[in-house]
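Here is a walk through one structure, taken strand by strand and then chain by chain. Keep the sequence and the view side by side as you read.

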Amino acid sequence: MPKSPPLVCLVLLAAAPVTASRGSAGAGEERVSFNRDVRPILSDRCYYCHGFDPNHREADLRLDVREEAERVWNVEAPDESELLARITSDDEYLVMPPPAAHKPAITPAEADLIRRWIAQGAEYEPHWAFTPPQRPDVPRIDGASHPIDAFIQRRLTRQELRPAGPAPPAQLLRRLSLDLIGLPPSPAEMTAFEDAYRANPDAAYGAAVDRLLASPHFGERMASEWLDVARYADTNGFQQDLVRTNWPWRDWVVGAFNENKPFDEFTIEQLAGDLLPGPDGTGPTTDQLVATAFNRNHMINGEGGSIAEENLAKYAFDRVETTSTAFLGLTVGCAQCHDHKFDPIRQADYYGLMAMFNQMDEPGGISKRWSAEAADGQPAESYGIAKPFVSLASEAQAARLADLHAEVTAARQALDAEESNYGPPFVAWVEEMRADESLIAERLTSDYVSRVVGTAPLDDLNHGETRRLLAAFLDSDPRWKPLRAAIRTAEDAEESYQARIPLVMVMRDDRPHDTFLLERGNYETPGAQVAPGVPAFLPPLPEGAEADRLALARWLVSGKNPLTARVIVNRYWQLLFGRALVDTPDDFGLQGALPSHPDLLDWLAVEFVESGWDVKRLLKTIVTSDAYRRTAQVDANQVAADPENRWYARGARHRLDSRIIRDSALAISGLLSPTLGGPPVKPYQPPGVWEEMSLGKNKFVQSTGEGLRRRSLYTFWRRVVGPTNFFDTPARQVCAVTTLRTSTPLHALTLLNDTTYTEAARVWAATLLGGIRDGQFDGSQFDEDCSAVTHAFFAATGRRPSEAEADLLTDALADARTRFAAEPVKAAALLAVGEAPRDESLDANEQAAWTSVCLLILNLDEAISKP
Amino acid sequence: MNATPLDHFHRRRFLGATAGLTLGLPAIGSLLAGEPGRGGEAGAGLPHFPPKAKRVIYLMQSGGPSHVDLFDDKETLRERRGEELPESVLQGLRQTTMTAGQSSKPCLPAAFGGRRRGESGMWVGDLLPHTAEIVDDLCFIRSLHGEQINHAPAVTQMLTGHNQPGRPSLGAWLTYGLGSTTDELPSFVVMTSKDRENTCGQLFYDYYWGAGFLPGKYQGVPFRGAGDPVLYLSNPAGVAREDRRATLDRLAALNQLAHDRYHDPAIETRIAQYEMAFKMQASVPDLVDFADEPQSVLDLYGPDVQRKGSYAHNCLMARRLIERGTQYVQLMHAGWDQHGNLPTQLPNQCRDTDQPSAGLVKDLKLRGLLEDTLVIWGGEFGRTPYVQGDITNKNAHGRDHHPRAFTIWMAGGGVKPGAIYGRSDEFAFHVAENPVHVRDLQATVLHLCGIDHERFTHRHQGLDFKLTGVEPARVVREILA
């Protein structure tokens, strides 16, 4: 095995305080920053061969440590530096990076930066993200009373950008509501907010923030993001894709956000709830155990030929990588096979973390299978989970389950008692078939059982093959067939009752064993033994602490960890602004992006930790800034000046998450069920999708009633093929922390044609028509139409239509009326889409015409975007 | 419900003044995957050199076709039928748990006969008479090898370059790199089929055609065998095409007004995408309607061609797709996993796939498309030259998975016709000559498409990923035309 690199690594050396500048910057020359300007170049072009990984190091030169790199430059005479000579050489045999490395060449501008940096003393700085954040001074800026605005404004001034004014109040409330609870405000809420805002903007806004943070839907919104991080799904993935019942963990997450569980506790309970003493010192609570499902949400391989040991290694890898990405913002996967090329993560560090996550008595495959009807009477579903798990049965349920199990045992014993009676005839029965092969086809229907007639050892009734043959025999004989049937009935009763009680896979360190570094990540080639521990380049665990998951969890949120708080506040910033302060939320390492607003990031991180990891307070702090409240209605020049809105001079406008688009449509139409929690549901999906992917094995049985109208958070997520009407969502196969926002025609087809949206449109149309009938929209026929389309447009976008816009909508309505009047059969067909009952008292052609307008409105760019 | 006050404007309504709203939409590109006819998002410099293959059709034979029975007959196996495979060959290598515990591993030679064919003299099993007819158009690699012994990791490795899910698939890499040539159809289409008896157990995971960390628009679009060929393609009941046109015209006009308000370029993209969705609604039904195919062409693909969802149907769909500008078509056909039913199921499987595969190559050749279309036929691994189960049971035995040496073929798109590359040992167990790793195959496919696999990378999480991964891979130049 490769020798480990010296423990004294990059950061310890590089973190030495920057000493007095050895060179001198020319008068007026801007100082070159190692972190900002130089390291990205070295990291990208040089470190692969001249970096941290000793196995891949060329010419015995490393450029990531100043003391070792000094020989390639000359501070007194920068132009004589070998480094400069090599990166600017025309000679293909001398130039760095060499052409064979397939790295982009160093540009003249980059070479000039390096030359100036050498001239200024070639100082190194520690990587920003690996040193703890310090509370920065808030700049004093006129008109920026909120600290966030002071940081933002300082940068805007430097970029010569002028901030836009506040968003119109209804749009502001729409933005806030979509961000904090994932649902749009109702028109009534918006008009009420407009009135209050006119009287006192800050008071009205503050009250709205508090109201939304207190809403039970807040937890659902936050959980939705966390489920992506935690690669939560309702099936195992892989070959069999069996169903699991980890959904109580999802409800635990919703509850944790709703009760504003401090994020440090939230972290500790999920990573190590099983190791907590519990409130009275007698052990963890059930909730704390359920929380640890976080690291059991990974995929499980039940494939026939898969090798348990290999699977176990892969599960532990997944836990290490998910935990690292979720809390440390580090991509450690490379270190599975070798020391990281760019970040100071050694292979031993990776396996030190793994040693904390592989101490369980888990099977590698499936340890409990059952197949039973779900509680709502749906047909059988195949379940399969791996221990350890906890049953969330109530006392009464546990008692009933014990009774049912006793019945199974009794039924089995009744048959076992007959063994001396059925044994001899069974042996004779098989021997007859062995003597006369034509009997096989006559007596046996299963191919498998037919195949084992010749090989099953008849003296061992517990042998797998013999058991199958015996079962066939017993079923063929009227003396024992009823006993077999009784067993099956009892088993079915137990299984179907069991299916109502979720079993949640949890963490439990009940199989302590040694961990070995795996060469090239291969479980078959273990190398040196590795002790559990945290990566050496980060602060150590506290003196004397046992290096287990609990210590790891506490270490992550100790406040001394330089990464966790930054990583978390960065993601919440991303959730609110659609982009993160560090553009690579999954990589705070040397190859990651630099923060756009480093001081702001650190200020938020320090605030967050000092507030006691108070998530609601963090969000409130951010949404009460002017930066968050700006309008997105700006002119073309303002967009052109900062196309990506990197400096936040205007409101953050972007397309909504597809799951929020669905929830919005349900909410606007009035269909949305407000119910929280419970087993997952199966709303509309085109027929045949699961069947096609699973070669007919997994049958999709749609929910009925309320199950069609629950929030997207509760949609059953089959790992092999995710919900079909979501797009740009993570696959829930591995941890995901980045936001995807692409735009394809397939998205348009979904929003135009999926039953969900058509049904929402027709139900919404009925409500609008009811409003017209009840005189809620004033005026004559035309004014009623106009008033109603205005209302609908407002409900969907948070903005009242201009005259041109209202004209387009009423024209669309008039057109549709004409078309449906000409072909009423089309109206009937359209109004039959979806299961929601129809109010037969409404005129069908009229409702159909309104349905087409409502569907149009639900598809408006502004209806599917955050304003 | 409270009515919303109309407090922003007062106006007179114009009755019946619907101007004929037609949107003179320019041909807006970058709809599905980059601008039609131009390089993909991956940026300048692609392709690295002129491609020999402008399109790829991957006929993935999922489950692991038996190379021994179909392409790799061995005299030694025939002579030693029923005798133990020597320990010197097995070398204690890992097997799946299905045969790892099987104490006896008797040799099982090609079970259905076969002979040398064509000028190349390639041995082809008699179960593939149609493939046998065209061996001189095909290029066989008999020395492909990998490490994965189970289906999902092996298919994932074959199609994405890594055995764990989450990397971009070959088709995603290609469309990302090369852009698209159609704005009416997806650039990367996937179709699945299975054997009629439904004997096998492999599932198709969407990461087999996923975009991994590339933008989601590069993932393969599954065309389905039943219902809408593309999910949500059909308008809701009661909405005719002209109704949809009217709705979309107004939607576009409204979105244009929103653009005037926000000046957000994403709105323009959205308008274009809705327009393209409308085009797809017309072009896809045309695509799947075989009415314009003469009987002589249908006959090439065999009797199953009109059965939607069949492999034969999908093969003809593949040709129709590439004719219309789709660049990468991935067919996934399950049913090659004969652990215990080789004697009965392998003939069925061959019957379902042989004629359509060969028919596709013939059809492409007749149309002059084969020249710049690369067709790849192969599974994720081969099958063991030793028996799984009881060799004396005439109907019920089979072979286990075998990634150490197996055979695939390619045709057109710049590969040598009538070539045979590589050789396995006398037991068809190990590679004896000219090994081709799965990575080498991937490097070669990229090369044929004008891409240097070493230089084609994507930055993700601070690392430069490439399809062929971090291990060395080489272009198999010996098979290039």
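Strand β5 of chain B spans residues 188–194 and is mostly covered: 7 of its 7 residues are buried. Buried means that 20 or more other C-beta atoms lie within 10 Å of the residue's own; with 12 or fewer it is exposed, in between it is partly exposed, and C-beta atoms are placed from the backbone. Strands are DSSP runs of E with at least two residues, helices are runs of H or I with at least four, and both are numbered from the N terminus.

This is a predicted model, in which local features need pLDDT of at least 70, side-chain atom pairs count only at pLDDT 80 or more, and totals for chains, interfaces and linings use all residues. Residues are numbered from 1 along each chain as its sequence is written, while chains are lettered from A and ligands numbered from 1 in the order in which they are written.

What does β5(B) pair with in the parallel sense over 7 bridges? The partner is strand β7 of chain B, residues 328–334. Two strands pair if DSSP finds at least two bridges between them. Within this pairing, B:Phe188 stands opposite B:Tyr328. β5(B) also pairs with strand β6 of chain B, residues 221–223, again in the parallel sense, over 3 bridges. There, B:Val190 has B:Pro222 as its bridge partner.

Next comes the meeting of the chains. In chain B, 84 residues are in contact with 94 residues of chain A. Contact means that the C-beta atoms of two residues, placed from the backbone, lie within 7 Å. On the side of chain B that touches chain A, the elements giving two or more residues are α5 (151–160), β5, α7 (241–262) and α8 (265–288). The most come from α7(B), with 12 residues.

Finally, look at chain A. Its secondary structure comes to 36 helices and 8 strands. The C-alpha atoms fill a box of roughly 105 × 85 × 60 Å along the principal axes. Chain A has 867 residues, and 51% of them count as buried. Among its contacts with a separation of 6 or more, 70% join residues 24 or more positions apart. Residues 46–99 of chain A are 26% helix and 0% strand, with the end C-alpha atoms 13 Å apart.
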